[in-house]
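Hello,

Here is the structure I promised to hand over. Please look through it first, then read my notes below.

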Amino acid sequence: MHPETIAVSAGRPARTEQAPVNPPVVLSSTYVSTGEPAPGDLIYARSGTETWLPFERALADLEGARLPGLLFGSGMAAIAAALDLVPVGGELIIPRHGYHASLVAAHDLTVRSGVRVTEVAIEDTGAVVAAVRAAARRLTGSDTPAATSVGTPNGPIPNGPVLWVETPTNPMLEVADLPALVAATHDVDGLVLVDNTFATPLGQRPLSHGADVVVHSVTKYLAGHSDVVLGAVVTDSPDLRAALLDRRSLGGAVAGPFEAWLALRGLRTLALRVERSQRTAADLAERLSGHPNVVEVSYPGLTTHPQHERASIQMTGFGSILTLRPVGGAAGADALTRAVRLWVPATSLGGVESSLERRRRLGAEAPTVPEDLLRLSVGIEHADDLFADLEQALAVAATYAG
């Protein structure tokens, strides 16, 4: 089925007479259980509940995964669980312009687990492949695959370097060459973990390119209404899924039943929301590109984007995020966020409402992100209204020039 249909139909209850159309919310912390439980039995809500399952199945279907996904209490909980797949003393390669909290969590592994973290320009395929091979040499003494894998109670996990990919990156919108990076990492017995939050499963399916694990901040596009905090991971590997499930259960990073239900309800309109917001993002990017009060616009759908051709081949949509640098520098960018009336100055993204933020106002943001860069998350409002609001705010920002 097409993804638009999957988003609406997946995770529904069985079609029996008088059955509900939507799965119910079950409020229970524990379940009746006697004897030795079988795998998958419901025992205690920290380990699994029937309220999570519909969303986990629906997301897996959207990502083209054979195994159900795993819902977490937040996007960072999902990210932390995935990063915990890096073994003690291991090697992690991560985008220099990745989500700042992911970078903080990655470097924390250096302190906690002796992990060596290498930041790369993820759009530079040659540089990333070189970093992956260098990491493999440090681990094994050669570019050949590791002779053994890390043993876990749930099975083996590859012992090579771990590559973390964001594509497009947050906030610089660089696009990685997924097939090439996956192939190079697997050549040295490594793992590839992909944060697919920006693109959504409607824009790209990393598992189809060979990625091992896909991570989502469900808070963003999947739920889509800025009213829940959730995360999720998806994988086709039973061993990796078991390890991630252990991290969720032992870490207690579990989702509430109402949040899971709201996320599934939001997922039903994902295709409509993404279609509308992508179309508007492309329109705004074109209009803003030639605007006299704009220094620079970045959007993968623009032919001027350095990885436009790659995105055109690899993705089925260019996403709903764009960046702009207004005339007036950082002070002008801050003034713009105060001057807008329709756009919401906020740090999150992916909701039905359009929002924007100057990323370098956050101390943890990468220093290579320009001080005046604004990240715009385009919602489902009318494009003309959004542009008019930006235009009047750009005029305010321009008063801070020179």
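**What I found**

Of the 402 residues in the protein chain, 54% are buried (under 20% relative accessible area, with a 1.4 Å probe and protein chains only). This is a predicted model, where local features need pLDDT of at least 70, side-chain atom pairs count only at pLDDT 80 or more, and totals for chains, interfaces and linings use all residues. Residues are numbered from 1 along each chain as its sequence is written, and side-chain values use heavy atoms, with hydrogens and water left out.

The protein chain has 13 helices and 14 strands (DSSP runs: H or I of at least four residues for helices, E of at least two for strands, numbered from the N terminus). Its radius of gyration is 22 Å, close to the 21 Å from the globule rule for 402 residues, so the chain is as compact as a globular protein of that length. That radius is taken over C-alpha atoms, and the rule is 2.2 Å times the number of residues to the power 0.38.

Thr235 sits in strand E9 (residues 231-235). Thr235 is buried, at 2% relative accessible area. A polar atom of its side chain lies 2.6 Å from the backbone oxygen of Asp212. A polar atom of the Thr235 side chain also lies 3.1 Å from the backbone nitrogen of Ser237. Leaving out residues up to four places away in sequence, Thr235 touches Ala65, Leu67, Asp212, Val213, Leu240, Arg241 and Leu244 (contact: heavy atoms within 4.5 Å).

Best regards

Notes
Buried means under 20% relative accessible area, exposed over 50%, partly exposed in between (1.4 Å probe, protein chains only). A polar contact is a pair of N or O atoms within 3.5 Å; within protein, one must be able to donate a hydrogen and the other to accept it, and residues adjacent in sequence count only if both atoms are side-chain atoms.
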